[in-house]
Amino acid sequence: MVSMAFSLNTVAFPNLRRSNRYPGMAFASLSSKESTSLGVRVTEGEGNLPKVVLTSSGGSEAEIYLFGGCITSWKVANGKDLLFVRPDAVFNKKKPISGGIPHCFPQFGPGVIQQHGFARNMDWSLFDSENVDGNPAVTLELKDESYSRAMWDFSFHALFKVTLNTKNLSTELKVKNTDNKPFFFTSALHTYFRASVSGATVKGLKGCKTLNKHPDPSNPVEGVEERDVVNFPGFVDCVYLGAPNELHLDNGLGDLISIKNANWSDAVLWNPYTQMEACYRDFVCVENAKIGSVKLEPDQTWTAVQHISIA
């Protein structure tokens, strides 16, 4: 295993270079040999925002923006990107990146603070990196600061580890309460999958309790999913409580995708239909979520894992 610590100081990692464009941010300046062996590099992405690029020995690739800790691309070895970023996405830090795998934390959906919380609106930091048998991984870090505490007055420490294999992309989110009082939160990974909406289907949800936000998102209708295969015939915004730890997505483009999880107890399906005329035909959201509030006492940690893989 090759390990590399991104402690953002040149003592711990001598060939880090400071960036004038991003004061206080350090970028890894890797030699070709190091870059090949580690499969990890930091570069400038859209809007000159810093992003991490992971490349596996099997030829797959993933991109993660530090703004929002957002995975925006997952390309398998044939170059096909299985994630989707909306054409209206902006990379100027004025709003979250619309697409890929955005974070919803410490609130999923609307509530007492801004929609889907603040984690997708903040800069995450590089914390650690490693490579195991040609599979690169990077860990990002998020801590409370004045921006977060202005709306949610708690101290926390979040770590988000992304691991890339030839045919799968895994994430591990850890949230620790570093405050002296308990707090509650909800969370989700708002994953956008590239798809043909007319042919996309999801299996594995039959029997789940549902909260259907169509036609009135503010007054969801309770029910039970009776279909073996769920499709996207129009506007879809539905929460599935007590979802199984594995779902199967046929993206309608010839790809069968397994979505496994540990400790994400719920799932959400979403497609905006004609509310986003320019792109609704090209994606579906299949989200792992924690809809019920998680309570963390001081020093307690909550962990959830997601594995998405292609057959």
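Biologist: Is Glu141 buried or exposed?

Modeller: Glu141 is buried, at a relative accessible area of 14%. Buried means under 20% relative accessible area, exposed means over 50%, and partly exposed is in between, using a 1.4 Å probe and protein chains only.

Biologist: What kind of model is this?

Modeller: It is a predicted model, in which local features need pLDDT of at least 70 and side-chain atom pairs count only at pLDDT 80 or more, while totals for chains, interfaces and linings use all residues. Residues are numbered from 1 along each chain as its sequence is written, and side-chain values use heavy atoms, with hydrogens and water left out.

Biologist: Back to Glu141. Which residue does Glu141 meet in a salt bridge?

Modeller: Lys143, with 4.0 Å from N to O. A salt bridge here is a side-chain nitrogen of Lys or Arg within 4 Å of a carboxyl oxygen of Asp or Glu. Lys143 is partly exposed, at 46%, whereas Glu141 is buried.

Biologist: Why would side chains pair like that?

Modeller: Side chains of opposite charge can pair when their charged atoms come close.

Biologist: How many salt bridges does the structure hold?

Modeller: It holds 14. One of them joins Arg86 to Asp88, whose closest N and O atoms are 2.9 Å apart. Arg86 is buried, with 11% relative accessible area, and Asp88 is partly exposed at 39%.

Biologist: What about Arg149, which residue does its side chain meet?

Modeller: Arg149 meets Asp153 in a salt bridge of 3.0 Å, N to O. Shared partners join Asp144, Arg149 and Asp153 into one salt-bridge network. Arg149 is partly exposed at 29%, and Asp153 is partly exposed at 45%.

Biologist: New topic. How many helices and strands are there?

Modeller: The chain has two helices and 24 strands. These are DSSP runs numbered from the N terminus: helices are H or I with at least four residues, strands are E with at least two. The chain has 311 residues, and 53% of them count as buried.

Biologist: Why is strand 10 largely enclosed?

Modeller: Strand 10 covers residues 135-143, and seven of its nine residues are buried, so the rest of the structure largely encloses it.

Biologist: Which strands does strand 10 pair with?

Modeller: Strand 9 (residues 125-132) pairs with strand 10 in the antiparallel sense, over seven bridges. Strand 11 (residues 156-164) also pairs with strand 10 in the antiparallel sense, over seven bridges. Two strands pair if DSSP finds at least two bridges between them.

Biologist: Where does UniProt place the "active site"?

Modeller: The UniProt record, an unreviewed entry, places that feature at His190 and Glu287. The positions are in the numbering used here, feature names are shortened, and annotations may be inferred rather than shown by experiment.

Biologist: Why do these residues gather at one spot?

Modeller: They span 98 residues in sequence, but no two of their C-alpha atoms are more than 5.1 Å apart, so they gather at one spot. The lining of the largest pocket includes His190 and Glu287. Pockets are found on a 1 Å grid over the protein atoms alone: a pocket is an open set of points with protein on both sides within 12 Å along at least five of seven lines, unlike a cavity, where a 1.4 Å probe fits but cannot get out, and lining residues have an atom within 4 Å of a point.

Biologist: Where is each one placed?

Modeller: His190 is in the loop between strand 13 (183-189) and strand 14 (192-194), and Glu287 lies in strand 23 (residues 283-296). His190 is buried at 9%, and Glu287 is buried at 2%.

Biologist: What joins their side chains?

Modeller: A polar contact of 3.4 Å joins the side chains of Glu287 and His190. A polar contact is a pair of N or O atoms within 3.5 Å; within protein, one must be able to donate a hydrogen and the other to accept it, and residues adjacent in sequence count only if both atoms are side-chain atoms.
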